[in-house]
Amino acid sequence: MCTGRIDPGFILRAFANGTDGVYIGGCWPGECHYPTEGNYHALSMVLLTQKMLKHIGVHPGRLMVEWVSAAEGIRFAEVMNDVVKRVKELGPIGRAEGIDENRLKLKLEAIRNLLPYIKLVEQERLGGHFHSEEEIKKFYGSEEMDRLFRELIVDPLVMSEIMMLLREKPLTVGEISAGLGLGSSEASRYLNRSSRQGWVRFDQRQKRFVSVRSQGVGTRSVERRG
Amino acid sequence: MDKVEGKAGEFNVTLIKKPRYIEEEKCTGCGACVEFCPILIQDQYNQNLSLNKAIHVYFSQAIPLVTYIDPEHCLFLRDRKCTICTGVCNKNAIDLFQKPERLEIEVGSIILAPGFEIFDPKLRNDYGYGKIQNVVTSLDYERILCSTGPYEGELRRLSDGKHPHKIAWIQCVGSRQSIPGGNSYCSSVCCAYTQKQVIVTKDHDAKAECTIFHNDVRSFGKDFERFYQRTENLPGVRFIRSYVTLGKEIPGTKNVTLRYATNEDGVKEEEFDLVVLSVGLTPPDEVKDLAEKFNIELTSQGFCKTNSVNAIETTRQGIFVSGAFQGPVDIPESIVTASGADALCSQLLAYRRGEMAIKREYPGERDVSKEEPRVGVFVCHCGANIGRVVNVPSVVKYASGLKHVVHAQEALFACATDTAKKIAETIQEKGLNRVVVAACTPRTHEPLFRDTLREGGINPYYFEMANIREHCSWVHAREKEIATRKAKDIVRMSVARAARLKPLQELNLPVDKRALVVGGGVAGMTSALSLAHQGFEVFLIEKRSELGGMARKLYSTLEGLDVQAYVNDLIRNAFQHPSVHVMTDATITTASGYVGNFATTIKTGEMIKEVRHGIAVIATGAEEYKPTEYLYGQDERVLTQIELGERIAKGEERVTHSQSVVMIQCVGCRNEERNYCSRVCCGHSIKNALKLKEINSGMDIYLLYRDMRTYGFAEDYYREAANKNVKFIRYEAEDKPRVEMVEEGGERRLKVTVTDFVLGAKLEIDADLLVLSAAVVPPATNTELSRLFKVSLNPDGFFQEAHVKLRPVDFAAEGVFLCGMAHYPKNLSEAISEAYGASGRAVTILSRDSVTASGAVSEVHEKDCVSCGICLSVCTCGAIEFHDTPQGKKAWVNPVLCEGDGLCTAKCPTGAIQLKHFTDDDLIAQIDAAVRED
C-alpha cells in the first residue's frame, strides 16, 4: 500500500470523528516504491483537501504531509514531535475555529458526498499527473487553480451543503444563510441555481425551500457521465 | 572448521561446533538469565565500551536470537561456583555441561566469507589511541552513535560522558601507507562511511562542528559524489586536505589537539572534543589458518588470492569467496559477490538441483467465511523490548474485552518457533478465524505469522499485525503508562481491521525457464554463459553487429590481463554454447509480461521475432564521453584514455616517441552536467602511464587530477607510478587546466597551464600528447529500454537498482536484473562479478516451477464501475484494462501485473475498484477505531 492509496474520504472521516490533526508520511519525491509515483498523487490530494478544509472554515494546517524514508528514524521522530506540537497549537477541531460540532460534521459530510465529483474534476481539470513536487506546489498555489477551485468545487460544495440542510427540514433563505455562514444574497443565488437544476423548490405553502431529490450533487454528476 | 577433504562437487568437511551451553531450540531469548547473571564483562560487540554479562545474546540482530555463555568468564565454567542462570531459566534451556560437537558434512562447493577486521591503531600507538580516551576508532564511534550502543544512541564521549561538540575525523588511518605496520592499499569504504558518520552526527546535534582531515576524497561509488556534496554543504562541516599529527591531550578537559597544515594558513594546532580515526580494513588473523586448511592461496596482503578476472574464484576449484576477504569492498560489492558465488556453486552443482528439497505440507484450509469473526490476540513481550515499557498483561486484558475477540494471551517471543507452533494449535483449539499479533513490524515478521495461520488451517490473509514495538515501546521508553495506553489503541485498531479481513488467494504462475540477456558486452556474455552453465536456455541480444562491447577497445587491465584474448574467448564460448542463442544487430521493439512470463519482440535486420522468457538481464554497458573541451577533435595530439590505450597496443610512433605527455582527469564528469565520478578513469590513466613508462622510462608524464581515486589494490599502482616519476599535479574544479595552441616559429605547440598548489605557482607544460580521462556515459538507448521493461533510471541516466546497498543487481520490477556498466561505471572484474551476481539472482526465479503473486491486489466490482477510465490512466504498472461485458466496457485488473499500491482505489469516483486487504471498509474501520472504543 502506498500514500497514493489514501482517499480524501479517510481524512474527512477522521476529522468528522473529532481527530484534531492528520499526518501523512510518504516516501521522498522520486523514491516511490511503486511505478505509479503515488506520493505525487498524495501531495496533490493533500493540497486540494487543504483548500476544501479552508473553504469550510477548518484550519488547513490540521492536514500535514511530510516525506520520511524508512531509513530516517531520527527525522521521523522530529516530524512527529513537530506534528504533535502543531496540532496542540491549533487546539480542538471546530471549537478552535468557532464552528459548532454539528455544523462541522455537516460541512465535512458535504465534501464527502461530493468526492466522486471532485475525483473526476481532479483528474480531468486539475492537471492530472505531475512529475515533481515543485510542479504540484506551483500549480496548487496558482491563480488559475484558485479560479478552477471556485468554479468547479466551491459552487457545487455550497449547493451540496444546502441540499444536506434541506434534507433535514425545509428552511427559509435566512435560515440557510445563517446555517452555512453565507450572505443572504449569496444564499439566494445558490438557491436559484439549485432550483433551476431541479434539486430544490420553493414551497409556497410553507414559505420555505424544500429538497426535491434525496441524492447528493456529486452522485448525479457521475451518473450523467456514466 | 577442522578439516576439508575431497574435491569440487564432493567435499567432506569436518566442523567442530563450540558449546554455546544453551540448547538453541529451547531458548526463547527472553533475557532472564542475562538479568540474573552476576558476572559483568566488557561487551565486545560494543567495542568494549559498555558492559555485558557472562551469559548474553551477542547482539540484538543475532541469528538465532538466543544467549550463549562466555566460558572464560562464567563462574561455573571456570570454578564450578554458580548456577543462578539454570535456576531462572524456566525453559530449562541452559546446559552447563555441553561439550564441543564434531560434525561431518558433505558439500559440493564451499564459499568463504570470513569478512574483515579493522586496522588496530593501538599496534603502533597511532594518534595516542588506547591511551587518550577521546581518540576513538570509527567503529567505536559507530557503536557510540547506535541506539543499541553503549549510550543507547546518545552521542557522548568516553572521558566524561559529555556530548562532544567539536569532532575531527582523520582519514586513511592504517591505509595507503608504505611504512611498516600500515597497509599499502586503500580501504575503499572509509571516505563514504566517514561522510555518513558526519551526517548522522549532524542529525544528533545540528550545531556539531565536524572536521574531516583527508587525503583524496574517494567518492567513486554510485551516487557517492552527491553524498559527498551533501556532507560538505552541511553547516559547520569542514573538509581539510592535510596530514595530521597528534598534538596533546589537554589535562582537565581531556580534549585533544591536532596539528595540520593548509596551503593558506601554514601549520596550525586545533583543539577537538573528540577525534575519530577512520581506520581501514584488514583480513582477519584466522585467515592464514583457514587458507591452510582449505588449501587456498593468499595474497601478500593476506587477502584471498583470486582469479584475475573472476574475483569470486579462489585458487582451488569448487571453493569460492565473497565479500571483504577478496579485498576491501563496500556492502553492495559484498552482496554482488555473494550472489555471484551462489551462481558459481550452482554452475558446479546444477545437475543435482532440488535433490535435497523437502516440500512443506499444510493442513487443509478451513472455510470460515460464513462464521462470525473470532479474533485471537497475541501480545508479545519481545523479551524486554516491549515488556519493559508496555504493560503487556494489561494490554492482554484490554484486548480480551474488545468486540469479536475470543482469545487473548501474552507471548514472551511470539516469533519463537515453539510459540508460533502454539499459536497454530490455539487457532485450531479455539476455532479462531482471525489472528492479531501485537509485536514488531510486519515488514520482517508478517510472512512468518501468515505461515503460522496456514499451519493453523486458516487463510493467511486473516492475519493482522499491531506494531507495538517500533511504533510504541521503542519510542516511548520513558513514558510507560502512556505507552501502554497507546499499545491498547493500536491493538484496538488492528482488531477492528482484522474482523473485516477477507480470505485471499495467491496466484501460482508457471515460470518460463528461458532467459533474455540484453547487451553482448563482457557483462552480458558472462551472465548469459553463467545462466547456460546452470542449465537454462538464454537469448543473448546485442545491438551492434558483433559481441564484445566496450571491452573490444581495451587491451589490458591494471593487473596486466590481455583483454582482447579474454574477450575473444568469451565470444567464442557464447557462440559455441548450445543453450546460448546469440542475436546481433538486434533491437527490442516491444516488451510485455511479468516475472516468469515475459514476451519480447526482437528485430534483427528485417526479421522480427518474439521470444518468451522468464527473466531478463539488462547489461547494456556504457560509452566513453566524446569531449568538447581541451581542443579534443581539433588537434590530433589530443586523445582520450581509451584511444591512447589502443595506440599503445598498436605501438603507434607518435605515442611511443612522445617526450612529454599530459593527462587530465575528470573530463566531462564531476561537473554540473554529470554530477558523478566515472570511477574507472584514475586506474585507467595510471595503467596507461605505467605502460608509457615501460616503453620509455624517461618520458615526462604529468597527471592533472582532482582526487586520485585509485581505490582498493589500485593504490599500489598509483604508488608505483609516483615512484616511476609520473608527476601528479592536483587542480581544483574552479581552476581547471587551460589548453592552448601556440604558434611559434612555424611550430604548433600544445601548451597546458595549470596551478600547482604545492608550489603555489602556475605551471606551463608543452605537451606532445594530451590525454583526456573522459567520463563514462550511459548510452542514449537506456531511456527506451527503461520504458520497455518498466525499470527506472537514476538522474545520471544509469539504471536504478532496487536497493543501492541490499539489492544491487535487482530491479524493483520483479524478474528483471542488471549488471555491468548499465548500473554504473566499473572495471572489468567488477562487471564480471556483477554478471555472476545477476545470474545468481535470476536463477532464484528460473529454478522455480512457479511464482506466486500476492493476493492483495485490486479488484473491480463491475456493477459500480462507470467506465470513467481514471484507474487506467493512473496505473503505470499497466495492470488495468477495459474489457467488454454485457453492461458495456468495464475496468479489469490483471492480478499478476498489479503491484498492490492502491492508487486506483483512491482515485476511483465510485469505489468500484478496491485494493483487496486494504479496502475502504477495512481502513475506515481502523480509522474509526482510532478514536472510538466499542
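How far apart do the C-alpha centres of domain 4 of chain B and domain 6 of chain B lie? They lie 34 Å apart.

This is a predicted model, in which local features need pLDDT of at least 70, side-chain atom pairs count only at pLDDT 80 or more, and totals for chains, interfaces and linings use all residues. Residues are numbered from 1 along each chain as its sequence is written, while chains are lettered from A and ligands numbered from 1 in the order in which they are written.

**Stop 1: the domains**

Colour chain B by its domains, whose bounds come from an automatic or database domain assignment. The assignment gives domain 1 (19-99), domain 2 (117-282), domain 3 (375-499), domain 4 (510-622 + 778-849), domain 5 (625-776) and domain 6 (857-915).

**Stop 2**

Select residues 3-7, 10-17 and 101-107 of chain B. Here β1, β2 and β7 of chain B form an open sheet in that order, with antiparallel pairing. Strands, like helices, are DSSP runs numbered from the N terminus (E, at least two residues, for strands; H or I, at least four, for helices). Two strands pair if DSSP finds at least two bridges between them. β1(B) and β2(B) are joined by five bridges, and Lys7(B) stands opposite Glu10(B) in β2(B). The edge strands are β1(B) and β7(B), each of which pairs on one side only. From one strand to the next, the twist averages 15°.

**Stop 3: two helices in chain B**

Select residues 190-204 and 224-232 of chain B, which are helices α5 and α6. Two packed helices are described by the angle between their axes and the distance between the axes. The axes of α5(B) and α6(B) come within 10 Å and cross at roughly 40°. Axes are lines fitted to C-alpha atoms, for helices over the stretch in contact, and angles run from 0 to 180 degrees between N-to-C directions. The two helices are therefore oblique to each other; angles under 35 degrees count as roughly parallel, over 145 as roughly antiparallel, 65 to 115 as roughly perpendicular and the rest as oblique. The crossing of α5(B) and α6(B) is left-handed, a term used if the near helix is turned anticlockwise from the far one by less than a right angle, with right-handed used if clockwise.

Show the side chains of Ala192(B), Gln195(B), Val198(B) and Ile199(B) in α5(B), which meet Phe224(B), Phe227(B), Tyr228(B) and Thr231(B) in α6(B). By class, the residues of this contact divide into six nonpolar, two polar and no charged. Residues are in contact if their C-beta atoms, placed from the backbone, lie within 7 Å. Ala, Val, Leu, Ile, Met, Phe, Trp, Tyr, Cys and Pro count as nonpolar, Asp, Glu, Lys and Arg as charged, and the others, Gly among them, as polar.

**Stop 4: a second sheet in chain B**

Move on to β14, β15 and β16 of chain B, an open sheet in that order with antiparallel pairing. β14 (244-249) and β16 (266-272) stand at the edges with a single partner strand each, so one side of each is left without a neighbour in the sheet. The twist averages 30° from one strand to the next. Four bridges link β14(B) to β15(B), residues 256-262. Thr245(B) has Arg259(B) in β15(B) as its bridge partner.

**Stop 5: a hairpin in each chain**

In chain B, select β45 (880-885) and β46 (888-893), which pair in the antiparallel sense over six bridges. In chain A, β3 (200-203) and β4 (208-211) run antiparallel and are joined by four bridges. Phe202(A) has Phe209(A) as its bridge partner. This hairpin has four residues between the strands, and Lys207(A) takes a positive phi near 60°.

**Stop 6: where the chains touch**

Which element gives the most to the side of chain B that touches chain A? It is α24(B), with six residues. The contact takes 31 residues from chain B and 28 residues from chain A. Finish with α1 (8-16) of chain A, whose axis comes within 9 Å of that of α24(B) and crosses it at roughly 25°. That makes α1(A) roughly parallel to α24(B). Phe10(A), Arg13(A) and Ala14(A) meet Leu923(B), Ile924(B) and Ile927(B) there.

Notes:
Two residues are in contact if their C-beta atoms, placed from the backbone, lie within 7 Å.
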